[in-house]
Each structure stands twice: as structure tokens, then as C-alpha cells.
Amino acid sequence: MTEPLVQLKSVDKSYWRDSLEIPVLHNINFEVPEGEFLGLMGPSGSGKTTLLNLIAGIDRPSSGRVVVCGEDLSRLSEGALARWRSRNIGFVFQLYNLMPVLTAFENVELPLLLTKLNRSERRRQVETALSIVGLADRMKHYPSQLSGGQEQRVAIARAIVTDPNLLLADEPTGDLDKQSAKEIMELLSRLNKEFNKTIIVVTHDPRAAEKARIIRHLDKGELEAA
Amino acid sequence: MRIAKLIRKNATRRPLRTALTVLGLAIAVMAFVIIRTTVHAWYSDVEASSPNRLVTRNAVSMVFPLPLSYKEKIAKVDGVTGVSYGQWFGGIYVDPKNFFVQFAIDQTTFFDLYPEYIVPPDQLEAFLAERNAAIVGRKLADRFGWSVGDAVRLTGTIYPGDWDFIIRGIYTGAKENTQEVAWFFRFDYIDERMRIEAPPRAGKLGWYIVRIADPSQAAAISRNIDSLFENSLAETLTETEEAFNLGFVAMGSSIIFGLNIISILVIGIIFLVLTNTMAMTARERVSEYAIMKTLGFRPFQISSLVFGESLFIAALGGAFGLAIALPVRKLVAVVIDYYVPAFKIEPVTFVLGALASILVGLLAAIFPTVKAVRTPIVDGLRIID
């Protein structure tokens, strides 16, 4: 039996505001097998994004273990964690978060600047990623020249350009119209099916979650039974 | 795309802000260069000093005279190859506002000891032939529209009364930093009149100029000259011409100090201007830096973006400032060329201006870099779901 790609064991997470402790996640035990498409649902403030941040290694748990892609994240330094993220994680944000001064091509190329690929290799990968998301003809467009759906596609291309094992998407359809949201979810589904990407999508939109094969619910920081 | 391209694109993201910051930096760097050039020019007389010349004056003060009789004694000191002398006149031409320096000199030796003052031979001959003749600097002649043969009356202050002169020569400077604004006339013209009108003042002069063969012997020769007149009524103090001129420059030390302070303040101002710009930039880009960190960019890579942008703006401002310093120098030189013969931007001043820009660029990036690097990713993303 293969190890799950994502394992969370007895994870607690609290934030501190001055002397006030704000518990966000409590006793999270959670596994995601490789190649899975998981939808993480829950109301606002339930801790979905915090859970996603812990899996992405951009935040650390107050207690418990987070093991992703075979790496215990609590044992990694900040620098090692950054290197690990660049190799293993593709992150898609709700508000796309593209660099406004860079073209679609340059935005997608950004994570590749951290690799040892030469210019032509980078170009090939960027073109491939943009073709997969259907934006090969928008390479030279700046974010301001793209629609919301197109911007999110560029963000997805940026997330997959390094060929990571795990794609994490935080409310990827939250800022899109119905049609665009549907297209984005179809794209993620395709990435899961055709390219065997393990995907975790945080959403509170049931329609967006339809494409996920497994749905887990978070409420008040606790994961409901599967 | 390279990181350098991202730095350039970031730096020009807000064109108006960047342009204003670059302009502010440019003006400050230009001001820094012009102020440093002014300070440097202030010392041009010192730099123009000859290592082969010593100046002997009254040991008590320049105000007290020396006897004319010292000339022969000084001339006999070993290592001395020539002696001349001078006296401050302090006359007024029409109005005290028309101030210029006037020296009574030993007509037979002075221009021999000062080869940097070039006088045409026929004019020097005419100067030697006429007791009330004067030789004036080119710029001084231009200032008052004088030419050879003009009669000029000065009203004495140290030597009371009206003094009538005929301009018999106009000298030019051999070097760029040679002044061309002095009025030289014959010492025997005032000495003759003093013998009649104020006999105790006759045969008294302000200082001797001593030419020596070997500058390395300046200290020994100075001591030998001064020892000649120990315990006399007019003891002497002999020093190199450079030290003598430096003493005059030191009289304006508070102005020099003020200018130096201003030049430092100018650098401080450009530091604040750029720091403010970079702080605003970092605040606006907190979320972008968080995104980049999420993508795997490490602290030193984020730092290089902030430092790169700060240096980019500083270098642009510095380069622009240095470029506009050249025409501004020309404009300023038109105004002050009369007083400061060598108002020229030295290469070292250019280097200082460039280094100041780079230093400011580096310092201004420190705070925004710390902020960009230390802000946790989740805070940068502002997502707490």
C-alpha cells in the first residue's frame, strides 16, 4: 500500500492576537492519497484556508505533524521549505494574484526562474502550461488585458508549470462568474484525470465542489467524519 | 525573463512616483556635486601655490610690517635663489562695492618669482619705466572695461589720499587655477610718498616672497631666515606659500564647514526621499512578495528584488544628477568665475556623487527589505479563513 501524499496527524492551529489565543483548527487527522481530487468545504471562518496553508507549507501547525509528498514539514527550515514548495506545490489563489507588470508568459515563467532550466527549456515549459489551460494565444497579454477566468487560467498554468505533485486551490472560483467558474473546475478536473495531479480545492460553493471525487467538510476548526 | 527585468518593471510600475523620486535624487546629487566643487575651488589658491616659494611675514601678525632692509639679508641665506616683497594696499575704486585686491610689489623681482603671471615683455618694460604704472589681471580689466593706457584713480584706505595710476599691462594666468583678478603696482610709488607724508611708514612692507632651489629644504631655510631676525623689533615667521595661503583660506573655515554640512544634509535628504519611496513600494507589494514566497522564492531572492529596485532608482537619479551637474557647473562658473578661477568638477567629486547615490540606494532598501522578508506569508496574503 502506497503512502498517502498528504498526511495530517493531530494537527492543532491557533493564532495569537496580543494575548488572546484564537483557535482555528483542532485535532485534524486527514489523509489524501496520490491522484485524488478532494474538495474541502465549510463556511467562512471554518479554517479551510488555514488547513490549505499548512498543507502548502506556508504556515506551521501549533502542534501535530504535517507530512506532504513524503516530507515532514515541521522539520524543514524556512529556506528548505521554500525549496520544497517550489518543487512540490502548485498554488492557485482566489484573486489569481498575478504580477500586474508581467505578461501571461512571464507570470507563468516566474516559478521556473528558481530552477536551473535554460531560457529555451523554460519557454517550452511555459508554452506547454499555457496550452494546457487554453491560453497559448494570450502569452503576451498583461493581466489587465485578460478576463477574470483567463487570469485564473494563467494562475493555474503558473501552478502547474513546474510539474508539481500537488495542486492546492483556495477558492479558485470565488471571484468568477458561473461560466468561468465551471470552466476552471473542468480544467482542474482535467488536470486530475489526464495528468494525474493530486488536487485539493477549498471552496464553499457546492457547484464548484461537484468536480471533486471526495468532499470533506470543516466546521469550527474540526473536520467532520468522512 | 530575468530577475533584472522584473526589477526594472517594478521600478517603473508607478511612473510618476519613480520620475519624481529620480528627479529629487538628481537635483540632490547635482547639488552635492556643485557644493563639493565649490569647497574644492575654495582651496584653488592653495593648490596653485608653488613648492619653490616661501613667505616671510612678521611673526606677530600680518598686520605688522617688516623692514625693507631684510631683503638683502634673506637673499644671502643658503638655498635662496630670489627674494621679492609685497604690501596690501586696500584702495577703493569709485565705490567700496567695486572691491578688488591690490598689491604694491617689487617691480624688479616680483614677476620673475611668479612666472604663472604672464605679462607681455613690452608691457612689463613700460611697467618698469613708470613709477605709477599698474599691471592688472585679465578678468579684472574685463570687469571694469579697462585697457592698456587707461588712467585709474584709487582712493587709499591704509595709505590715505588719492592715487593715480596708468595701466601699463594686463597679465594672464599660465594655468587654469591662476587668478587673474589682482592689481599690481610698484611699491616705490607708495614708499616715495610715505617718505614725504608719513616717514615712519616708509621702508615698511607686508611680506617677503622667497624663492628656493630645493623644496625639500623649505623647513631648514625657513628656520635659517627666521633665526636671522630673532630678538629684533620685527621677528619673522617663514612658511611655505601653501601654508601661508592655507592660513587665508582658514579664515573662511566656517563657510567651508557650513558647505560641508549642507552637502551631508543633501545626502541625508535624498536618503529620506528614496527611503520613503521604497517604504511605500514595500507596503504596496507585501502581498506580491508573499505570492513569490509561496512560489518558492527565498528571502535573499526577495531581498535582491527590493535592493535591486532601490539601486535602480538611485542609479538613475545619480546618473541624471551627475549629467545635469555639468551644464549647471557652467552656469555657476559664469557667475563665480571671477572669484574662483578653477571651478571645475574633479573626477573624485564625480566618483563621490556616484558612491553617495549607490550608498543611499543600499541604505534606503534596508527597512523595506526587512519588512518584505519578515512578513509571514499568511500575513502577506491576508488570508485567515
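Modeller: In this predicted model, the contact draws 23 residues from chain B and 37 residues from chain A.

Biologist: How much area do chain B and chain A bury between them?

Modeller: The size of an interface is often given as the accessible area lost when the parts come together. Here 66% of that area lies on carbon and sulfur atoms. Between them, chain B and chain A bury about 2700 Å².

Biologist: How many salt bridges cross the interface of chain B and chain A?

Modeller: Over all chains, the whole structure has 33 salt bridges. Across the interface of chain B and chain A, the rule finds two.

Biologist: Which residue of chain B forms a salt bridge with Glu106(A) at 2.5 Å between the closest N and O atoms?

Modeller: Glu106(A) also meets Lys9(B) in a salt bridge, but there the N to O distance is 2.9 Å. The partner at 2.5 Å is Lys5(B). Glu106(A) sits in helix α3 of chain A and its partner in helix α1 of chain B, so two chains are joined by Glu106(A) and Lys5(B).

Biologist: How many charged residues does the contact of α11(B) with α14(B) have?

Modeller: Residues of α11(B), including Phe271(B) and Leu274(B), meet residues of α14(B), among them Val360(B) and Phe367(B). By class, the contact has 13 nonpolar and two polar residues. The number of charged residues in the contact of α11(B) with α14(B) is given as no charged residues.

Conventions:
Residues numbered from 1 in each chain as written. Chains lettered and ligands numbered in written order. Predicted model: local features only at pLDDT ≥ 70, side-chain atom pairs only at ≥ 80, totals over all residues. Heavy atoms only, no water. Contact = heavy atoms within 4.5 Å. Helix = DSSP H or I, 4+ residues; strand = E, 2+ residues; numbered from the N terminus. Nonpolar A, V, L, I, M, F, W, Y, C, P; charged D, E, K, R; others polar. Buried area = accessible area lost by both parts, 1.4 Å probe. Salt bridge = Lys/Arg side-chain N within 4 Å of Asp/Glu carboxyl O.
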